[in-house]
Amino acid sequence: MILFINACVRKGSRTGRLAHRLLHSLREPVTELKLEDIDFPKTDEEFLNKRDRLIAEKQFDADEFRLARQFADADRIVIAAPFWDLSFPAALKAYFEQINVLGITFVYTPEGIPKGLCKADKLYYVTTAGGTFFPEEFGYGYVKALAQNFYGIREVSLIKALGLDIDGADPEGILKACGDEYISDPNIGIDDKRYGVPEVDELRAAVLKNSEPDLTGSDPSVLCTVDAGSSVQAGTGEQSTPTPAQIMAADMGLGFNLGNSFDAVAHPGSHLKGVDSELAWFNPKTTKEMIAAIKKEGFKTLRLPVSWHNHVTGPEDTIDPAWMARIREVVDWCIAEDLYVILNTHHDIHEGFLLPDNAHIARSEEFMHNVWKQIAREMSDVSSNRLLFESMNEIRVPHAAYEWTPDYNDPECCDAMENVNRLNRVFLDTVRASGGENAERILVIPGYSTSTEGACWDGFRLPEDTVPGRLIVAAHIYSPAHFTFYLKEGANITEFDLNSRESTDPVDERLMKLYNRFVANGIPVNIDEFGTVDKNNDADRIRCLAYTLAKATQLHIRCCYWDNGVFISYGNGMAVFDRNRCIFPNPEPVEAMLRGIRAFE
């Protein structure tokens with residue numbers, strides 16, 4: 001296990017971004033310790049007396065020594081600390097005062113020489129500085145002396161990027177060059193372990209064993225249609241010619257989310273403004289080569305999550321032309337690769353922009369109209385056979401009791417869900433009015449929180465369209481929740497068994513709800529996001545991905561994998577694509593998803 005000691009303060013910290021690139025390349029489970037989140041005790045006489053007593057009594061399991069035990073048990077250490085005032089942030093010094101514990105991290109020899117007790121064989125010290133004056137004997141030298149002389153960590157490596165704030169400097173170029181110099185070994189980060197992807201027949205058998213009457217096949221002609229504009233009821237459709245949305249959905253194949261790039265929102269104090277906000281959440285700049293690599297791996301659809309509220313100004317929410325041009329550039333790359341593209345508004349759920357409660361709905365409708373009017377105008381000449389628009393992402397009321405899971409009995413929640421219908425109505429009317437290819441473009445419509453429950457609420461309505469059969473319902477599925485997420489509370493499941501109903505039922509139940517309500521009535525569904533966080537359980541993650549795709553394909557539902565570019569275990573790591581090196585380091589997760597599709601195609 002790597003212990004990542006993060007002494008960075010800013011969300012878009014350049015030191016943090018460099019450290020994440022290192023962690024990404026190491027491809028080992030990571031435990032992150034954010035020092036700004038720790039309320040360090042005051043080092044006064046009372047504290048020292050208690051600590052001395054606990055050490056004398058050898059009560060090393062005391063909570064006061066939790067950080068010291070964690071440090072001593074780590075296999076490797078990564079410290080990220082910006083170069084401040086010839087040293088590092090004060091929180092890092094406070095941390096060292098907590099972990100320097102006689103009997104845990106070091107002991108004294110009879111000669112009075114410290115002898116390290118720590119397990120780690122290597123420590124990486126990652127730092128950045130605005131200037132080039134960097135005397136190593138200060139901050140880094142202090143850490144190196146502690147590591148080698150007190151903790152017994154003999155190998156200490158310095159990774160530094162200097163001169164970032166000098167007039168005329170190219171900070172992004174400097175960071176990239178630093179990363180290339182220290183951590184660009186093409187062999188680093190490639191996962192040579194192979195866990196075994198379930199065979200197509202095994203997946204098919206697992207799905208059918210737990211299945212409703214056989215619903216196999218992806219031919220859209222087996223589906224039926226219902227009119228939009230009213231509450232959708234299951235079981236009322238009649239067979240007819242497949243709609244344009246059904247035909248497109250059937251052809252969309254496996255999808256990939258380019259997450260944590262254009263949806264990133266920089267910290268207010270970050271230097272990453274405008275188009276540079278693409279870098280704010282530690283992913284590199286998107287390139288044409290990345291898009292080509294995603295297509296080559298077998299993906300047919302790319303969902304492009306984009307945040308807009310941080311790029312608008314004025315009463316009409318005028319979008320920064322440079323930001324719009326950058327998004328258009330990436331859309332064009334995708335179209336050139338013959339990918340379907342889903343373009344949306346993503347992390348715009350903020351007061352003053354999008355909020356679906358009654359107090360904010362008027363402003364939210366205004367923002368929705370203003371932003372989509374501009375997006376639709378810019379994209380009006382892009383083929384409606386390839387580019388889809390999705391109105392919103394996970395639209396909800398933050399901090400409400402029903403934020404993520406709708407409460408059908410809560411009047412405020414029902415108002416919010418009805419307001420989502422209103423926002424979808426504004427979205428559709430605005431796009432259709434823009435003309436060009438948008439007059440018949442396929443549009444993707446979510447319910448409240450883009451959840452199964454939001455879409456399956458009796459009051460959820462698809463907006464009445466001027467052209468029939470061009471709407472797709474969006475939903476997100478992260479099931480089973482305690483397996484796919486790393487949750488701070490409750491059981492964290494790390495195993496997924498194809499033959500266990502405990503593993504498969506949560507997947508089946510959500511997909512079947514969507515099938516019965518929409519697909520069986522001729523309205524296609526796209527799972528815009530699904531995936532699993534890395535808990536150092538790749539074999540089980542592979543089985544979960546394969547099963548989810550097999551079940552979804554059986555029900556004529558398409559899926560887009562959520563890739564956030566993060567490979568860190570036991571955090572939010574969900575990446576399968578290494579964007580820095582433009583490779584899929586372990587091909588098995590993608591192969592598992594493709595086999596899941598083949599099980600019922």
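# Briefing on selected sites in a predicted model

Ser277 lies in the loop that runs between strand S10 and helix H9 (288–296). The model is predicted, and every value below is computed from it.

**Ser277 and its surroundings**

- Ser277 has a relative accessible area of 2%. This value is under the 20% limit, and Ser277 therefore counts as buried.
- When residues up to four places away in sequence are not counted, Ser277 touches Ser261, Ala264, Leu272, Asn310, His311 and Trp323.
- The side chain of Ser277 also reaches the backbone oxygen of Gly274, at 2.9 Å.
- Leu175 is 102 residues from Ser277 along the chain, and the C-alpha atoms of the two residues are separated by 15 Å.

- Strand S10 comprises residues 254–258, and five of its five residues are buried.
- In a regular strand, side chains alternate between the two faces of the sheet.
- Both faces of S10 are covered, with Leu254, Phe256 and Leu258 buried on one side and Gly255 and Asn257 buried on the other.
- S10 runs parallel to strand S19 (residues 558–563), to which five bridges join it. Within this pairing, Gly255 has Cys560 of S19 as its bridge partner.
- S10 also pairs with strand S11 (residues 301–304) in the parallel sense, over three bridges. Here the bridge partner of Phe256 is Leu302.

**Asn419 in helix H12**

- Asn419 is part of helix H12, which spans residues 411–433.
- With a relative accessible area of 3%, Asn419 falls under the 20% limit and so is classed as buried.
- Apart from neighbours within four places in sequence, the contacts of Asn419 are Pro356, Asp357, Asn358 and Ile361.
- With Asn358 there is a polar contact between the two side chains, at 3.0 Å.
- Tyr448 is 29 residues from Asn419 along the chain, and their C-alpha atoms are separated by 9.0 Å.

**The second largest pocket**

- The volume of the second largest pocket is about 550 Å³.
- Its lining consists of 23 residues, and those nearest the centre of the pocket are Glu172, Lys176, Pro284, Lys285 and Asn580.
- By residue type, the lining of the second largest pocket holds 12 charged, seven nonpolar and four polar residues.
- Helix H1 (14–26) and helix H6 (171–183) each provide at least two of the lining residues.
- H6 gives the most to this lining, with five residues.

**Backbone features in loops**

- Most residues other than glycine have a negative phi, and most peptide bonds are trans.
- The peptide bond from Ser479 to Pro480 is cis, with omega near -10°. Pro480 is placed in the loop between strand S17 (471–476) and helix H14 (481–484).
- Leu86 has a positive phi, near 65°, although the residue is not glycine. Its place is in the loop between strand S3 (76–80) and helix H4 (90–99).
- The relative accessible area of Leu86 is 35%, between the limits of 20% and 50%, and Leu86 is therefore partly exposed.
- Ser449, likewise a residue other than glycine, has a positive phi near 60°. Ser449 is found in the loop between strand S16 (443–446) and helix H13 (452–455).
- Ser449 has a relative accessibility of 4%, which is under 20%, so this residue counts as buried.

Conventions. Residues are numbered from 1 along each chain as its sequence is written. This is a predicted model: local features need pLDDT of at least 70, side-chain atom pairs count only at pLDDT 80 or more; totals for chains, interfaces and linings use all residues. Side-chain values use heavy atoms; hydrogens and water are left out. Helices (H or I, at least four residues) and strands (E, at least two) are DSSP runs, numbered from the N terminus. Buried means under 20% relative accessible area, exposed over 50%, partly exposed in between (1.4 Å probe, protein chains only). Contact means heavy atoms within 4.5 Å. A polar contact is a pair of N or O atoms within 3.5 Å; within protein, one must be able to donate a hydrogen and the other to accept it, and residues adjacent in sequence count only if both atoms are side-chain atoms. On a 1 Å grid over the protein atoms alone, a cavity is a set of points where a 1.4 Å probe fits but cannot get out, and a pocket is an open set with protein on both sides within 12 Å along at least five of seven lines; lining residues have an atom within 4 Å of a point. Grid points are joined across faces, edges and corners, and a volume is the space filled by probe spheres set on the points. Ala, Val, Leu, Ile, Met, Phe, Trp, Tyr, Cys and Pro count as nonpolar, Asp, Glu, Lys and Arg as charged, and the others, Gly among them, as polar. Two strands pair if DSSP finds at least two bridges between them.
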